[in-house]
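Dear colleague,

I am passing on the structure below for your own work. My notes on it follow directly after.

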Amino acid sequence: MLTGDRPTGKLHLGHFVGSIENRVRLQHEYETFLIIADLHMLTTRNTRKDIDEVSRNARDMVLDQLSAGIDPEHATFYLQSAIPEVCELNTLFQNLVTVPRLERVPSLKDMARAAGKVEMPYGLLGYPVLQTADILCVKGDIVPVGKDNHAHVEVTREVARRFNFLYGEVFPIPELVESQITTLIGTDGQSKMSKSLGNAIMLSDDAATVRRKVIGMYTDPNRVRADIPGTVEGNPVFAYHDAFNDDPAEVADLKERYRAGRVGDVEVKDRLTSAVNRYLEPMRERRAGFERQSGLVDEIIVDGTERTRREVQVVLAEVKRAMGITGSYNQLRRKAEQARKRRDA
Ligand code: TRP
């Protein structure tokens, strides 16, 4: 299994239900690689300042995942840019997909627009190809990702098939694993949870911060008094109750009273605060355990990167052998060697 994220900052509940939860579950079934995709980050954020933040963001993101239940004994974290062999694979895969095919990937246009780009950068158009290199560099079988990445994995499958057709069966055709809940609405009720929009509850938020954010949540705007019947559907407070409250009877009771105009927003939010804090509490405990050992997270990333790189080198060698690239240089070397011997004789 291979999945991961660009190192743009701390993770929030949307990441958790969209992806991290799947990783935690699947890490016991598959050998697991978790990429910190800093080269992908460069497709939209490539200032020196962005790059200088990678190590801190990587550390935060890995700590978030460890807190969420990723076991470093089961999963291997690695930093993409520290494995240059991935770029070599990217170069080789670039010829197995066309520009019009990549232009049809909807998420790329969205990312370009969100980054304020007037025209599509070459690297961003190639985003799914680099992602293909990530997935195939360890011969990934399973790729759990959110909706916005589904089209990328589809490109990966096509490239893997094309490679196998041209050069022999080297790669598995990776399977996409969809998340149970694909997108979590933000606390503002306007768009999906996103750190940059300021509508996120972070996995690292403390209990008081969770309380403040939940109290400030958007609810049914037509409900100006507690005795007015409210709407549960599409109400973010109830979406969170459904996603995080471990007490379904409480949720059912709140919904019923809300619809009947027999419960105030304050109680609904108080109970949501408690539910989200119950949900995050085990993560806080694990986080504290990892934080007590200074440098441990860095060590996990560096050891994982080195372990992954060794695996990738084996796969790259197989790829170049299958394509005949190794052979081209070997022929030249053999002739050069013969020439040298003749001269020396
Ligand atoms: N594209 C992912 C994101 O949206 C990050 C990523 C890069 C990734 N390489 C990957 C995900 C390989 C799964 C597999 O941030």
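Arginine 101 is buried, its relative accessible area being 16%, where buried stands for under 20% relative accessible area, exposed for over 50% and partly exposed for what lies in between (1.4 Å probe, protein chains only). This is a predicted model, in which local features need pLDDT of at least 70 and side-chain atom pairs count only at pLDDT 80 or more, while totals for chains, interfaces and linings use all residues. Residues are numbered from 1 along each chain as its sequence is written, and side-chain values use heavy atoms, with hydrogens and water left out.

Arginine 101 forms a salt bridge (a side-chain nitrogen of Lys or Arg within 4 Å of a carboxyl oxygen of Asp or Glu) with glutamate 158, and their closest N and O atoms are 2.8 Å apart. The pair links distant parts of the chain, 57 residues apart, with arginine 101 in helix α6 and glutamate 158 in helix α10; helices here are DSSP runs of H or I with at least four residues, numbered from the N terminus. Glutamate 158 is partly exposed, at 29% relative accessible area.

A second salt bridge joins arginine 257 and glutamate 267, at 2.8 Å from N to O. Arginine 257 lies in helix α13 and glutamate 267 in helix α14, so this pair ties together parts that are 10 residues apart in sequence. Arginine 257 counts as buried at 16% relative accessibility, whereas glutamate 267, at 25%, counts as partly exposed. Both residues also belong to a network of salt bridges that links them with Glu250, Asp253 and Arg271.

By the same rule, the count comes to 26 salt bridges.

Best regards

Technical notes. Helix = DSSP H or I, 4+ residues; strand = E, 2+ residues; numbered from the N terminus.
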